[in-house]
Amino acid sequence: MTLYQRDRTWHPPALAPDYKTSVARSPRQAMLSIEGTVSELTGPRFGHGAITPLDGDLIANYAKDGDPVGERIIVHGRVLDEDGRPVPQTLVEIWQANAGGRYRHKKDGYLAPIDPNFGGCGRVLTDDQGHYAFRTIKPGAYPWRNWVNNWRPAHIHLSVFGTAFAQRLITQMYFEGDPLIAHCPIVQAIPDPRAIDALIAPLDLNQAVPLDCLAYRFDIVLRGRRSTFFENRSEGN
């Protein structure tokens with residue numbers, strides 16, 4: 001099958017000085033393109049037996065003595081290829097901060113409290129039409145040590161696996177209407193406004209649950225000219 005030509009202007013440069021940690025992480029020499037081996041392309045992957053219904057419900061999967069604090073939301077969408085065809089039975093993982101903007105991580109020192117009923121991690125398999133859905137809490141913004149007063153907009157990290165563990169793509173989803181998106185050095189390192197728009201999930205009232213959860217839709221395109229930007233494969237998908 002002939003693949004669409006990659007649009008390399010869609011991705012940010014490895015060196016973006018306003019995103020300070022990219023200075024140390026950016027390569028000093030031209031990157032090499034190495035073909036994957038058979039074991040990398042056909043190795044083991046997750047199956048249905050490793051996933052339970054609770055894995056996709058972040059409101060319930062870590063709860064100890066009640067629901068977590070915060071705005072309850074549903075995040076859903078489809079995983080598609082460049083021709084709009086569904087990608088079935090692929091593992092989608094998410095991780096995020098809690099409603100106060102704090103991760104459950106020992107190195108997160110932000111002053112917002114840890115929520116004892118929220119773990120911030122989940123995973124699901126797409127169905128035969130490429131659909132996925134999570135129930136979770138809308139994450140809060142948080143400060144980070146880039147410049148004096150930089151704040152990350154509310155976001156959720158997503159990971160998509162292919163047919164093997166080596167085929168992993170990682171991205172971030174933002175929320176429609178968040179004014180911090182325009183001020184985030186990480187987001188603004190992406191040169192094409194269309195690529196930024198593809199990372200912003202619109203409100204989807206059709207999938208909201210009355211008196212319970214709002215919903216946001218985030219479709220993921222794996223490669224080609226309509227590809228979602230993946231932060232771990234900046235050179236192309």
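Modeller: Helices (H or I, at least four residues) and strands (E, at least two) are DSSP runs, numbered from the N terminus. This is a predicted model, where local features need pLDDT of at least 70, side-chain atom pairs count only at pLDDT 80 or more, and totals for chains, interfaces and linings use all residues. Residues are numbered from 1 along each chain as its sequence is written, and side-chain values use heavy atoms, leaving out hydrogens and water.

Biologist: Thanks! Where does Leu205 lie?

Modeller: Leu205 sits in the loop that links strand E9 (200–201) with strand E10 (214–217).

Biologist: Is Leu205 buried or exposed?

Modeller: Buried means under 20% relative accessible area, exposed over 50%, and partly exposed in between (1.4 Å probe, protein chains only). With a relative accessible area of 59%, Leu205 is exposed.

Biologist: In what order do the strands of the open sheet come?

Modeller: Two strands pair if DSSP finds at least two bridges between them. Here five strands form an open sheet in the order E3-E2-E7-E8-E9, with mixed pairing. Strand E3 (121–125) and E9 are at the edges with a single partner strand each, so one side of each has no neighbour in the sheet. E9 runs parallel to strand E8 (residues 168–175), joined to E8 by two bridges. Phe175 stands opposite Ala201 in E9.

Biologist: Which partners does the side chain of Asp57 reach?

Modeller: A polar contact is a pair of N or O atoms within 3.5 Å; within protein, one must be able to donate a hydrogen and the other to accept it, and residues adjacent in sequence count only if both atoms are side-chain atoms. The Asp57 side chain contacts the side chain of Arg135 at 2.8 Å and the backbone nitrogen of Ile59 at 3.1 Å. Asp57 belongs to the loop between helix H2 (38–42) and strand E1 (72–80), and counts as buried because its relative accessibility is 15%.
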